[in-house]
Each structure stands twice: as structure tokens, then as C-alpha cells.
Amino acid sequence: MVQDEAHRIPVLIAVGEICDRPEIDVEGLDSIALMLAALREAETELGVPVLDRLDWLGVEDQISFPNPAPQDDLAARLPRPPLRAVKTFEASGDGPLQLINDAANLIGRGEIQLAAVVGAEALRTAAKRAQADMAAGRTPPKSSVADVAAALAGPLARKYGLLTPIDVYPLYENATRAAWGQSLAEGQRETAQIWSTFSSVAAANPHAWMRGAVSPDDIADVNANNRMVSFPYTKLMVANASVNMGAAVIVASLAMARALGVPEERIVYVGAGAAAHEDEDFLRRDSFARSASLETTVTAALERNALTPGDIDHVELYSCFPCIPKMARRVLEWPLDRPASVYGGLTFGGGPIGNCMMHAAAQMVRKLRSEGEHGLIVANGGYATHSHSLLFTRRPVPAGTFPQDYNVQAEADRRRGAVPDLLEDYEGEGVIETFTIPFDRNGEPRHATLVARAPDGARFLAHVPHDDGAMLSFLMAEDQQPVGSSGQAVRVQDRIVWRR
């Protein structure tokens, strides 16, 4: 291999993670301090000073401590500010893979030789400090997931209570279960098996937030310690965002890795990736039973690396809510009894908002150093909106792979079905397309929101009030499939209400 080629081949040479658990919660590290700590951990693992010679710094945005330019604040704390520092557009689950892919492209172009990609969230610390602020009569900044998500909700979604991820993702869960011909029990069993495996992976991961194996029955069983949060999801089936976690990855050219003395057995190559997205408005999707973007990025990543699903040794299937890894494992034909995570998933490994896949990337590097050849990470952002799949591999990647255009939007658009018209004030006959039922902390359903179709195929929303016990029971029945059932949309005051 000629020297010029080695200067243009991107590799992963060091990783660092931190879980901050102070005895006094308000004294926990903030997001920038967590990022700096993660970078230092990566440098320590590498065994060579590199934070004073970075060409490029990529930062996953964070919401814990509102900051318009976290990359600049972090760069200023390094021994020498990097030549360039950037951040993702927003805190989104696909961001870490995008940053790693961007760093790989810059190396492929010969523009840089050494980069760091990092992110962190300190929502646990932020929440405790907010409580202290309120107790002292001060107004804390809006930094919770619910606050940030609700601020982005459109008027129609807001009217019908579709404000946060826990309100929206069950739309996909309930639609996919019907499309796959599963009963409620079968769907819950699949989730519980996947999540139990996640817990076992986390139990063996010293960097995971929750390190205890949990049985499938304990994940599916609804009780005081595992309440239903939004049908059919229990607390142990959803992301745990109340964490203080940071992770970093050092990306270098192969030539730089060798110059730094990195042993060959510790080098992991960056393979080709693929990214695509859906409409930002989750109500304007072609279907809630599939994601064309997710399907496209997974298949494109495999094709671009000349691999088949059977070639993949390890995967990380983004797991904010069960519907996402369930959809991804069907594209990959990934067996239910094989772990779908290398770090423990967002419930047990920890769900630090947009930075989850940085922790997955760190663990994937460690995993490939010890066993296997290929690892695929499938990331998700927004409301099943953004998808980015990226291969890590021990097999040397051919020279010329980078730079690569990871945008496969055109193919995703070709795969996508027609998006139905969205009606705001429809009254008349309809058929249920999918639904969501948020629960209160006492274990009672607050209401239901239906996504339904009019006879001409147009989509509309309808409300089921909390006192319509018969309808709520029908939606949650073990032996009935509400998706596809008929009813009437009628106006009651300012909302459309569903009558069966």
C-alpha cells in the first residue's frame, strides 16, 4: 500500500466513555465536562497525547444544558483548539454516525488526518438542578425531553396530544404488529425477548447505566415497578434518558494510526455508510407499518460494503422504543435469539438523547477488537425520521472507498409509498390505521389518539376520551385487532372524537 493511500483510509483508533454518578446529584458534571472527560478517557486508552493535535472536532448536540455552540466551548477546553469544530444540527440519534462518516470523508479527501467525535448528556444533573432552582423560586431552563419535543409539535399533533416520543412511537408499534399478523401477546413476547437480551449485554458492559439482567417476564409484566407508560410499552421497554453519560471516538487516517504506534489488532476500519430520512412531520408518512428510510439505509450499507446479512457478526439496532429494532431486524433477518446491541440498548445501556450511538460505536470498536469481523450500527433520529447505517470492520477497507456520498435519499423516495392527504376536520366513516394510548403515573389510560383513514384514503386524527372505557378496552384487548376496524368520526367541541 502506498503512503498516499494510507493517508486517505479512515480508521477508529481509540474510544472513551464515562458514567457520572455523584453522591450529590446537583454536583454532577454538565454536558461539556462529560464530553471532555470522555475525550480524555479515549486519549488514555490510546496511550499517546492527541487532544493537542486534532484537525477536526465533531460534537453531537445536547439538550441538558442549553448552549448554542457546545463545540466552541469544548474546543476551548482542549490543550489546543482543533483547526475546525462542528456540531450536529440538532440532538438526534443518527448524529454520532453522521459525524463519524463526515470525519471519514474528510480523511478520504486528504483534508484531515486526526479527528475526535464526541457527545454527552447530563439530564440527571440538569433535572436535579432544575428542582433546586424551583425550590429557590428560580425558573430553570427547559432541558427535558418532554419540553424540547413538545416545543416542536405541530398544531394538529398538539391538539390531539401527540407531544413527545412516548406519545408517537406506539403509532409504529401498533401498526407494525397488525401488519406482521401478530397478536398482542406475540408482539409483547418479541419485545420482551429482545429487551431481556439487551439487559444481559448491559450487565456485562462496565460502561452501561443499568447493569442487571432482567427476564422477559419481568419486562412484559405490568406492576408497580414496571408501570405501563404508553400502550403497549412498559417502563422497562423505553429509553432511559435520566443519565449522565458521555462517549468519544478518535478517528484517524491509517497512516496517522501507524505513526502513533497503534497496534494493528486495535485498529477498526470505517466502512461505507448510508443515510436517508422521512418527512419531518410524522403525520405525513406513507405508513406507520414500515420505514422506507430505515430499510434503504440498512440494505444500502450492506450493498456498499459487498456484504450480506449473514456476514454481519454484531449489530446495534437503535432501541429508543421496540418498534425500531423490530423493523430493523426484519430487514436484516436478524435472529431473535442473537443480541441486537453491543452496549445494552437505550433502556439498560443508557439513552443519552442524541448520543446513544456514540456509546454503541465505542462498544462496537471494543467488540470487534476481541471477536468477529463486521459490525453494523443502525441509528434512528426524530420520530423514525432520520436513519443512518454504518459498518465498522476489521477487514481493511479498499483505498478509494472514501470520500463517499452517504446520502441514499433518492432510493428511499423510490421505495416509499404515496403519502395520504391529511385532513384536519374530517367527520364521517373511517377505519383505524393505528393508535396510541398514554398512561398516567397511576396506571390509568389518559385517553387514546387514533390515526384513521377516510373512505378515499385520506388520513385524519380522532380522540378517544378517558371515560370511554369500552373503546379503550377494545383498543387494548388481547383477542381483537383494532387496526382496520371501522367507526365514526364526530365533532365534539373543538376535536374529532371516535365512535365505534
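**Reading the labels**

Modeller: Happy to! Of the 500 residues of the chain, 60% count as buried. Please keep in mind that this is a predicted model.

Colleague: What makes the chain as compact as a globular protein of that length?

Modeller: Start with the make-up: the chain has 17 helices and 17 strands. Its radius of gyration is 23 Å, and the globule rule gives 23 Å for 500 residues, so the chain is as compact as a globular protein of that length. The C-alpha atoms fill a box of roughly 70 × 55 × 40 Å along the principal axes.

Colleague: What share of the contacts between residues at least 6 apart in sequence joins residues at least 24 apart?

Modeller: That share is 76%.

Colleague: Let's turn to single residues. Why is Val 118 called buried?

Modeller: Buried means under 20% relative accessible area. Val 118 has 0%, so it counts as buried. Val 118 sits in strand β4, residues 114–122. Beyond its sequence neighbours up to four places away, Val 118 touches residues including Met 35, Leu 57, Leu 74, Ala 247 and Met 358. With Leu 74, the separation is 44 residues in sequence and 9.9 Å in space, C-alpha to C-alpha.

Colleague: And why is Glu 433 described as buried?

Modeller: The cut-off is under 20%, and Glu 433 has 14% relative accessibility, so Glu 433 counts as buried. Glu 433 belongs to strand β13, residues 428–438.

Colleague: What makes the pairing of the Glu 433 and Arg 453 side chains a polar contact?

Modeller: A polar contact needs a pair of N or O atoms within 3.5 Å, and these two side chains are joined at 3.0 Å. The side chain of Glu 433 also has a polar contact with the side chain of Arg 459, at 2.9 Å. Leaving aside residues within four places in sequence, the contacts of Glu 433 include Ala 175, Phe 288, Ala 452 and Val 483.

Colleague: Ala 452 interests me. How far is its C-alpha atom from that of Ser 196?

Modeller: Those C-alpha atoms are separated by 33 Å, and the residues are 256 apart along the chain. Ser 196 is in helix α9, residues 184–203. Setting aside neighbours within four places, Ser 196 is in contact with Val 214, Ser 215, Pro 216 and Ile 219.

Colleague: Is Ser 196 buried or exposed?

Modeller: Its relative accessible area is 11%, so Ser 196 is buried.

Colleague: Why does Ser 291 count as buried?

Modeller: Ser 291 has 5% relative accessibility, so it falls in the buried class. Ser 291 lies in the loop between β8 (268–277) and α12 (292–304). A polar atom of the Ser 291 side chain lies 3.1 Å from the backbone nitrogen of Leu 294. Apart from residues within four places in sequence, Ser 291 is in contact with Glu 278, Met 327 and Ala 384.

Colleague: Now the backbone. How do you know that the bond between Phe 231 and Pro 232 is a cis peptide bond?

Modeller: Its omega is about 5°, and the bond is cis. Pro 232 lies in the loop between β5 (228–231) and β6 (233–234). The peptide bond from Phe 402 to Pro 403 is cis as well, with omega near 5°. Pro 403 is in the loop between β11 (386–393) and α16 (409–415).

Colleague: Why point such places out?

Modeller: Because most peptide bonds are trans, and most residues other than glycine have a negative phi.

Colleague: Which residue has a phi near 55°?

Modeller: Ala 306, where the value is positive in a residue other than glycine. Ala 306 lies in the loop between α12 and β9 (314–317). Exposed means over 50%, and Ala 306 has 68% relative accessibility, so Ala 306 counts as exposed.

Colleague: And what about phi of Ile 353?

Modeller: Ile 353 is not a glycine, yet phi is positive, about 50°. Ile 353 is found in the loop between α14 (345–349) and α15 (356–370). With a relative accessible area of 17%, under the cut-off of 20%, Ile 353 is buried.

Key:
Residues numbered from 1 in each chain as written. Predicted model: local features only at pLDDT ≥ 70, side-chain atom pairs only at ≥ 80, totals over all residues. Heavy atoms only, no water. Helix = DSSP H or I, 4+ residues; strand = E, 2+ residues; numbered from the N terminus. Buried < 20%, exposed > 50% of the residue type's maximum accessible area, 1.4 Å probe, protein only. Contact = heavy atoms within 4.5 Å. Rg over C-alpha atoms; globule rule 2.2 N^0.38 Å. Polar contact = N/O pair within 3.5 Å; in protein donor to acceptor, adjacent residues only side chain to side chain.
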